[in-house]
Amino acid sequence: MKRWIAFAIVVVVACLLPLALDPRGYWIRVLTFTLLFAAMAQAWNIIGGLANQTSLGHAAFFGIGAYTSTILLLKFGLSPWIGMVAGGVFGGVAAFIIAIPTMRLQGHYFALATLAFGEVMRVIANVWVSLTGGPGGTSIPFSPPSFANYSFKLLLPHTYIAIAALVITTLIFEWIQRGAMGYRLRAIKENPSAAEVIGIDTTRVKLQAAVISGALMAMLGTLYVQVAVFFDPDTVFSAAGISIRVALVAILGGIGTAIGPILGAFFIIPLEELMNEWFSSSAAGLSQLIFGLILIVVILWRPHGFVTVFRSLRAKFTGGTAR
Amino acid sequence: MSVAPLLSIENLNAGYNEVEVLHGVHLRVFEGEFVCIIGANTAGKSTILRAISRQVPRVSGSLQFAGTDLSTRAAHQVSALGIAHVPEGRQVFPDMTVEENLLLGAFTARTASDLPARMQDVFTLFPRLLERRQQLAGTLSGGEQQMVAVGRALMLKPKLLLLDEPSHGLAPKVVEEMHDAFVEIHRRGTSILLVEQNVSLALDVATRGYVLESGRITLEGPSAELNQNPAVRAAYLGI
């Protein structure tokens, strides 16, 4: 119960926060992308945290979602909301297809296989010019501003949609983690052979997690490009910009916890922006270098993520022990 | 009057990839029996249990359990038939509490109304688990972890309990405790198929035994008989 009250307070504060920012300013844009990255990391967390399969190919699903809604809008005039659902279906199907051969792989091998899958999707999107517009990129066409058209004059509605997306992905994560599926995934993560003998269909459960994760990631791809307005294959299928960043956000925040991706995103995304703002004029690559160094320091300081900072703080106040 | 065996293995060949480990194994466990398989390391004892649990990729021959052809089942479906496998090497869920471990054992029967009673049965058998109920299984001693693994299997209320080297690597005192528990489990009505390297202990608790050598059954009979068999005594008991 206490958890839910805390959750409600955070959501209310999150809803008030954008109102304090300049509606045409820079920081509301950063906030919106931060929220979207938190939601993406939360979607990743289902497969990466609960099923313990470190995917480095989630850009594949992200890009599928981005292109599905945009192509449906461009060629058929369908609302991006419908495109988002269609993208979710395609993302889930893609996750299913890629998961069948890769799910038996563990650790590095799974990471490499998924990384390759993301890259393959990027190459396909670049080459298949008639469908995607190729490396030249695609713009979201203008539609009359309305909620049904997913088109707004200001950024603010996008920010609230991003908040809603983060709340929904977090609730889905919590629901999976606390339910029977969460126990199955934990059992598989802790001891796959024991999980099998007590009657858990390990392949099936991991497939389910992969499909949910992929579908959510694809839907977030739609939300992202609706804000970004312009994108190309190298952006949405980017290994460094999407796949690795999403994994990094979840890992740095606290893998396998509901709060981890949120903490990670609110640290990494604004930090990266700040570094770019401060250092990009002084020397090429300096901002990335400093950003990288900060990440190294953080991971050395808190190898299990920011979430451990909060746990030890809470333990200090309540006199309990940190887990 | 002949009774159909609970478990019937006929002409079982099994192996991994290119290597065949079992060659034409025949084995039966009747309802209420406590049967052991003894033999040297690498004889293929564990492979028999793993074949029953459908965890061996290459299998031919017949595997029947209580009227069900096991070859038609996938690994995760075996437990629902009433076969509980305690794999070799204290296979617990380390980051879960003892209680969560036990509850997961009844996973395929999670709607059963008698789960508290089942857990109580486990606690009367292993009182130490009751004390450790909320402790993470990974923090327990080796013997206690093995108790968790056995307790978890019992939560299924199995018709047949498969025990793979349950005393391996445990202190002698714990081994004895463990075997007392097996005798008690058997007395409560569960059929047991035990794989054990510790031959004298196995023949002590089991009612009947099979001797497996290089993937073939070379001897079978009541435990007392095997215990007196000169070949068994020479090869396994060092007498």
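Predicted model: local features only at pLDDT ≥ 70, side-chain atom pairs only at ≥ 80, totals over all residues.
Chain A comprises 15 helices and 2 strands. The C-alpha trace of chain A spans about 55 × 45 × 45 Å along its principal axes. Of the 323 residues in chain A, 51% are buried. When contacts in chain A between residues at least 6 apart in sequence are considered, 75% of them join residues at least 24 apart.

The interface between the two chains brings 15 residues of chain A into contact with 19 residues of chain B. About 1700 Å² is buried between chain A and chain B, and carbon and sulfur atoms account for 58% of this area. On the side of chain A, the residues A:Glu190, A:Val197 and A:Ile198 supply 37% of the area buried against chain B, more than any other three residues.

The number of salt bridges between chain A and chain B is 1. This salt bridge joins B:Glu100 to A:Arg186, with the closest N and O atoms 3.6 Å apart.

A further residue of interest in this region is A:Asn191, located in the loop between helix 8 and helix 9 of chain A. With a relative accessibility of 7%, A:Asn191 counts as buried, since the threshold for this class is under 20%. Apart from its neighbours within four places in sequence, A:Asn191 is in contact with B:Gln91, B:Val92 and B:Phe93. With B:Gln91, the side chain of A:Asn191 makes a side-chain to side-chain polar contact at 2.8 Å.

Over all chains, the whole structure contains 19 salt bridges. One of these pairs B:Glu177 with B:Arg128, at an N to O distance of 2.9 Å. Because B:Glu177 belongs to helix 6 (residues 172–187) of chain B and B:Arg128 to helix 4 (residues 127–131) of chain B, the pair ties together parts that are 49 residues apart in sequence. Both partners are partly exposed: B:Glu177 has a relative accessible area of 30%, and B:Arg128 has a relative accessibility of 27%.

B:Glu177 also meets B:Lys173 in a salt bridge, at 3.8 Å from N to O. These two residues, B:Lys173 and B:Glu177, lie in helix 6 of chain B and are 4 residues apart, about one turn of the helix. B:Lys173 is exposed, with a relative accessible area of 65%. A network of salt bridges links B:Arg128, B:Arg132, B:Glu144, B:Lys173 and B:Glu177.

Helix 6 of chain B also holds B:Glu184 and B:Arg187, which are 3 residues apart and so separated by about one helical turn. Their side chains meet in a salt bridge with an N to O distance of 2.9 Å. B:Glu184 is partly exposed at 23% relative accessible area, whereas B:Arg187 is exposed at 61%.

A:Val229, which is not a glycine, has a positive phi of about 70°. The position of A:Val229 is in the loop between helix 10 (202–228) and strand 2 (230–231) of chain A. With a relative accessible area of 42%, A:Val229 is partly exposed. In chain B, B:Ser214 has a positive phi of about 45° and is likewise not a glycine. B:Ser214 occupies the loop between strand 9 (208–213) and strand 10 (216–222) of chain B, and at 57% relative accessibility B:Ser214 counts as exposed.

How values were computed
Residues numbered from 1 in each chain as written. Chains lettered and ligands numbered in written order. Heavy atoms only, no water. Contact = heavy atoms within 4.5 Å. Buried area = accessible area lost by both parts, 1.4 Å probe. Salt bridge = Lys/Arg side-chain N within 4 Å of Asp/Glu carboxyl O. Buried < 20%, exposed > 50% of the residue type's maximum accessible area, 1.4 Å probe, protein only. Polar contact = N/O pair within 3.5 Å; in protein donor to acceptor, adjacent residues only side chain to side chain.
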